[in-house]
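This briefing is meant to be read beside the sequence and the model. It covers aromatic pairs, strand pairing and salt bridges, in that order.

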Amino acid sequence: MKKSILILTMTTLLLTTLATAGGTSVSAESIQELKEKINQHEAEKSKISEEKNNLDNNKKDTESKIDENLKEQKSVEQEIVDLDERLAKTQSDISTKENEISETNKEIDELSERIETLKEEIKILEEKIEKRDVLLKDRLRSIQQSGGEVKLIQVIFNSKSFIDFISRTTAVNTIMDQDKKIMEEQAADKQLLAENQKEVEEKKKIVVAKKEELEGQKKELVALKNQLDEQKSERKTLMAQLEEEHQELEEIKLTIEEEQEILAAEEQAKAQAIALAQNKIGELEQLAKEEAERKRKEAERRKAEQAKSNQNQDGKKVASAPDTSTGSSGTSGGGNGIFIYPAGNSISSPFGMRFHPIDNVHKLHAGIDFPVGTGTPLKAPADGVVSTARWMGGFGNVIMISHYIDGQSYTTVSAHLSRIDVSPGQAVSQGEVIGATGNTGKSTGPHLHFEVHLGGYGNPVNPAPYMN
């Protein structure tokens, strides 16, 4: 941002340029020059007002951006809160699914164990069936060999007594009943075996399907969680960017406010300089009137003396003495070497582009550094008026002085001070102690940072050629 021109005219310099030779004559040219200076100050005040309006607009624009930034931060912050809530619920759902899957795995394990148990039971049952099959085959073979029937007459004739007959008949019936029972048990065991196998396999199939469904649901929840985590990460990144942008906007706002303060101080100083110049014009005009009256009286006196002399010499004419009074005009030299070294004369860091040791970026070093210890007396580099004397951001404690030298305005800056002994609006003389050097603000060690701005603050030039 182009900063406004700071031109604060020294009253002492105005008085010097307007002084007359011997204090007895007044130069009309000096009054005209003073009026031209007033016009110049008025034009510069107009520029200052315009720049102040621009700064006001920039400040409003920056404040609007800050408000938008804060609103967006609030929106993003709420989004992060919502995402946290959704993440918490999703994580809870995942945990629930994991518990259900765990229970299902236990159920599957129990069914697997039951299947293994059934397999053992089936093996035992199969052995029983196999033994029964052998027994039944033997019984069938025996019946087949006997003609397929047990002849009752053989039982009667082979019986030794009636009791033996009854016993034999009962035995035959018992054998027949046992055969029937064996066949019934055989059929029941086979049916039970088939039912058990079917039941367990169906249950396992259902449970396995349930597990697959739960695994699918968990997979979806995990995918949702990853998506929410990614969204949250994006929002946090955006939040960090917004916070950084907010910090930059706040710094811009502070810079604008500092410029506004500098302009306000400059405007006040301009008004003071104009008032002083106008007062001086009044004084000079009064002196001019007094000088004109003196010359008129002197002319009348000489005229009277001349007339008297002419009468005394019988009409002989005597030449009038020439008027030797002349106006004086001061001249001043220009060029380099207009500022004295404010503290020390060795330079540790020159003017120009460099890698900033704190900001870690390549940027213009808008001044020169003098490696002096904290507390070293700081001298005013030239006659001038203090425009700023306070803490100012990276400068730390800083003193800015406006100078008007040989028709050119300058602003000098002395930064990182440990002490300030002057105040805004105060006139200072070259070599006057105005403070002490230090290590305040953005500084890596005790030193004096000194800048020269041609035409006012905001137009830095290399101070070295201007040092004396």
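Is Phe450 buried or exposed? Phe450 is buried, with a relative accessible area of 0%, where buried means under 20% relative accessible area, exposed means over 50%, and partly exposed lies in between (1.4 Å probe, protein chains only). This is a predicted model, in which local features need pLDDT of at least 70 and side-chain atom pairs count only at pLDDT 80 or more, while totals for chains, interfaces and linings use all residues. Residues are numbered from 1 along each chain as its sequence is written, and side-chain values use heavy atoms, with hydrogens and water left out.

**Aromatic pairs**

- A search of the whole structure finds four aromatic pairs, a pair being rings of Phe, Tyr or Trp (its six-membered ring) whose centres lie within 6.5 Å, with planes under 30 degrees apart counted as stacked, over 60 as edge-to-face and the rest as tilted.
- One of these is the edge-to-face pair of Phe339 and Tyr410, with 5.6 Å from centre to centre and 90 degrees between the planes.
- Phe339 lies in the loop between α4 (162-312) and β1 (352-355) and Tyr410 lies in strand β7 (residues 408-420), so this pair ties together parts that are 71 residues apart in sequence; helices (H or I, at least four residues) and strands (E, at least two) are DSSP runs, numbered from the N terminus.
- Both Phe339 and Tyr410 are buried.
- Phe370 and Phe450 form a tilted pair, at 6.5 Å centre to centre and with 55 degrees between the planes, and this pair links distant parts of the chain, since Phe370 is in strand β3 (residues 368-370) and Phe450 is in strand β10 (residues 448-454), 80 residues apart.
- Phe370 also counts as buried, at 0% relative accessibility.
- Phe339, Tyr410 and Tyr466 form one aromatic cluster.

**Strand β10 and its partners**

- Six of the seven residues of β10 are buried, so this strand is largely enclosed by the rest of the structure.
- Strands β3 and β10 run antiparallel and are joined by three bridges, two strands being paired if DSSP finds at least two bridges between them; the bridge partner of Phe370 in β10 is Leu448.
- Strands β7 and β10 also run antiparallel, joined by six bridges, and here Tyr410 has Leu454 of β10 as its bridge partner.
- Two bridges join β10 to the antiparallel strand β11 (residues 460-461), where Pro460 is the bridge partner of His453.
- β10 and β11 form a hairpin with five residues between them, and Gly455 in the turn has a positive phi of about 80 degrees.

**Salt bridges**

- The whole structure contains 17 salt bridges, each defined as a side-chain nitrogen of Lys or Arg within 4 Å of a carboxyl oxygen of Asp or Glu.
- In helix α2 (residues 28-145), Lys97 and Glu100 lie three residues apart, about one turn of the helix, and their salt bridge has its closest N and O atoms 3.7 Å apart.
- Lys97 counts as buried at 18% relative accessibility, whereas Glu100 counts as partly exposed at 31%.
- Glu293 forms a salt bridge with Arg296, the closest N and O atoms being 2.3 Å apart; Glu293 is partly exposed at 31%, and Arg296 is partly exposed at 38%.
- Arg301 and Glu305 meet in a salt bridge of 2.6 Å, N to O, and are four residues apart in helix α4, about one helical turn.
- Salt bridges that share partners join Glu293, Arg296, Lys297 and Glu300 into one network.
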